[in-house]
Amino acid sequence: MIDEVIKNHQVLIFAGTGGVGKTTTSAAVGMRAAELGFKTLVLTIDPARRLVSALGLKELNQTTKVAEFGKGEMFASMIDYKSVFDDFVRSVSSNEKVAERVLRNPLYKQLSTNLAGSQEYTSLERLYRAVEEEGFEKIILDTPPSQHAVDFLKAPQKIYALFDSSIFKWFISKGGNDPNFVQKLFQKGTRMALKQLEVLTGTDFIENLADFFESIEELSQSIRERSASVQNLLSSKRTAFVLVTSFDETKLEEASGFNSLLKKYGYRVAMTIVNRAFPFQKESGVRVERGEIERLYNQLVTYYEDRLELAKSLRDSQGGERATLFVPDLPFELNDLSELGIMKERIVNG
Amino acid sequence: MQTPRSSEQTANESQDARITMVSGKGGVGKSAVAAAYACRYAGEGKRTLLVEFAEESFYRRFFSEGAIGFEPVSLGPNLDVASWDSESCLRDYVVHLVKLERIYKLFFENRVMSRFIEVAPGLRELSLLGKLTSGIRKVGPKLDYDKIVVDSFSTGHTLSLLRAPSSLNQAIQKGPMGVQSRDITTLIRDPKAFEYKIVSLPEDLPVSEAIEFHSALSETTKQNPALLMNKWLPSEKASAQAIEIEKSGHELSVFAQYVVQKNVIQTQAMNRLKKINRNIPSVPLVLEKLRGLELANKMAESLVSIERGVD
């Protein structure tokens with residue numbers, strides 16, 4: 001199942017809520033892609049120390065070669081949000097001076113975190129660069145662990161919409177344009193609102209914010225274009241989503257909702273991986289009478305069966321058994337590449 | 001300031017702390033644990049507000065209560081629940097401060113305000129913390145509860161939330177928000193105002209993140225946050241038996257092996273946390289078919305019995 005998904009797409013985006021094993025799963029699939037002979041890049045988000053050392057990643061934003069499998073190679077890189085956003089500003093600025101005005105603004109640091117959904121947008125921007133510039137046959141993107149997986153999808157639209165918004169227009173004074181009636185109203189309102197804001201926040205803040213928006217304005221066209229390109233990348237045939245969830249009621253419900261949303265927006269969901277599935281075949285008959293082991297076993301069976309209905313309905317809405325993998329919850333520790341390999345085997349043999 | 005030293009350390013668990021912030025790695029079950037604490041305090045007779053910081057409500061589904069929103073709704077005796085997003089908190093603040101709801105509505109409504117919150121640095125955080133501490137600071141609409149339990153964001157986001165007021169101070173020196181941000185910075189470090197709970201799972205990666213988070217949170221709050229284990233598989237008894245069965249080639253021997261391994265991992269995870277704080281409560285994985293308030297109350301039982309016990 002996973003091999004076909006890898007072969008049929010250039011970009012695989014691993015999406016899902018936090019705590020479902022996205023980072024480990026995406027690294028394991030990256031390993032498989034390299035095993036199949038492809039030059040593969042795994043873009044990871046804030047992985048835990050163990051995974052960092054297992055993959056040999058030492059510095060943020062450095063692409064590291066993790067392993068070789070004959071012709072195939074596995075590379076990995078951690079995404080450094082700050083530098084990705086700085087690079088982005090530079091790449092969409094017409095010249096260095098324009099870029100510096102933005103980068104030097106005292107509010108830029110916090111603004112660049114809030115702006116456009118931060119991690120979500122910069123992961124996409126990093127992906128975009130990897131696709132356009134870096135010559136990998138396969139790119140695996142691990143997404144940020146948002147509370148709601150949909151945050152990720154909204155990122156490009158948020159940035160695009162920002163340059164369309166009235167708030168932006170408050171601060172930009174365009175000399176020489178003939179304001180229509182609505183704009184006139186706005187300008188009057190702007191003065192009143194600014195007065196309120198000054199009372200609330202103090203003058204420096206407003207000045208810095210105004211300056212920031214004025215400097216951003218020069219970039220607005222390029223930013224719009226970039227957002228559109230990123231959006232196209234997400235929707236293209238060479239990109240697919242892999243939905244990752246786990247055998248937990250809340251997470252299964254989230255995955256279902258996210259799945260519907262992906263379909264609604266026309267994104268391709270190639271596969272769903274459900275981690276932490278019950279690892280045993282249900283056995284019949286009574287063994288150890290009233291034993292603790294049997295008691296715990298029966299309790300766990302009930303617990304999983306409870307959630308199995310949810311998992312099955314997610315699977316059925318998702319193309320059935322051909323496209324959904326239940327990965328058993330077998331205890332293991334991720335200390336090095338060989339253990340990542342164990343995870344990979346479970347996914348391949350699913 | 002208490003510098004984290006060694007395993008002699010116990011967490012700041014002041015009975016007086018008005019606000020309990022619950023956080024942890026994404027997916028460890030913060031929301032359920034926060035609900036459990038709220039049930040515990042309500043059961044002790046304290047007027048309690050359970051608050052989730054969320055753009056979209058989790059508790060509406062968890063408690064099957066569609067009415068949960070910005071204004072608190074009652075879930076039972078002594079227990080109210082609310083869902084706060086930063087835009088509503090800011091509106092609350094501005095309307096109260098400005099006292100001109102007409103003007104507010106005209107120029108700050110909806111689309112425009114939410115954009116502004118998105119781009120203004122720290123405004124989102126200050127709005128949430130401002131609302132949360134408004135009872136203690138005696139400003140704004142009434143918020144007099146004995147206890148407020150917060151289902152906060154996950155680790156990184158909670159850190160930036162708590163750090164925002166002090167970093168904001170530099171950008172906003174004057175005005176009510178400047179003063180407010182200084183007051184909030186002080187309160188965050190005051191054990192009579194705030195206490196912190198970090199939720200982990202009995203597994204390697206969540207424990208690593210919990211330990212890192214504990215260090216960062218201690219630094220920011222100058223307090224020692226409590227650590228606790230969620231979804232602890234109640235397998236100790238079964239494990240003792242499992243060791244025999246594993247070897248016997250019995251039909252359940254594969255399962256027995258699973259139980260033994262799980263137990264080893266759980267114990268290792270617990271030992272790592274115990275190096276930070278002596279007392280680590282553990283909330284068992286609830287295997288019965290319980291939901292919502294019943295589930296939270298069941299989890300609260302183990303909070304009471306464990307936290308009272310000698311570690």
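1. Between which helix and which strand of chain B is the loop in which B:Ser64 is found? In this predicted model, B:Ser64 sits in the loop that runs between helix H2 (59-62) and strand S3 (73-76) of chain B. The phi of B:Ser64 is near 50°, which is a positive value in a residue other than glycine. For comparison, most residues other than glycine have a negative phi.

2. Is B:Ser64 buried or exposed? B:Ser64 counts as exposed because its relative accessibility is 67%, and the cut-off for that class is over 50%.

3. A positive phi is also found at B:Asn78, where the angle is about 65° although the residue is not a glycine. B:Asn78 has its place in the loop between S3 and strand S4 (79-84) of chain B. With a relative accessible area of 32%, B:Asn78 is partly exposed, since that class covers values between the 20% limit for buried and the 50% limit for exposed.

4. Which helices each supply at least two residues of the lining of the largest cavity? They are helix H14 (292-316) of chain A and helix H12 (253-274) of chain B, and H12(B) provides the largest share of that lining, with four residues. By class, the lining of the largest cavity is made up of ten nonpolar, four polar and seven charged residues.

5. The second largest cavity has a volume of about 110 Å³. Its lining consists of 14 residues, and those that lie nearest the centre of the second largest cavity are B:Asp92, B:Tyr93, B:Gly130, B:Lys131 and B:Ser134. The elements that give two or more residues to this lining are three helices of chain B, namely helix H3 (86-98), helix H6 (123-132) and helix H7 (134-137).

6. How do the residues that line the second largest cavity divide by class? The lining of the second largest cavity has five nonpolar, six polar and three charged residues, whereas the lining of the largest cavity has ten nonpolar, four polar and seven charged ones.

Notes:
Residues are numbered from 1 along each chain as its sequence is written. Chains are lettered from A and ligands numbered from 1 in the order in which they are written. This is a predicted model: local features need pLDDT of at least 70, side-chain atom pairs count only at pLDDT 80 or more; totals for chains, interfaces and linings use all residues. Side-chain values use heavy atoms; hydrogens and water are left out. Ala, Val, Leu, Ile, Met, Phe, Trp, Tyr, Cys and Pro count as nonpolar, Asp, Glu, Lys and Arg as charged, and the others, Gly among them, as polar. On a 1 Å grid over the protein atoms alone, a cavity is a set of points where a 1.4 Å probe fits but cannot get out, and a pocket is an open set with protein on both sides within 12 Å along at least five of seven lines; lining residues have an atom within 4 Å of a point. Grid points are joined across faces, edges and corners, and a volume is the space filled by probe spheres set on the points. Buried means under 20% relative accessible area, exposed over 50%, partly exposed in between (1.4 Å probe, protein chains only).
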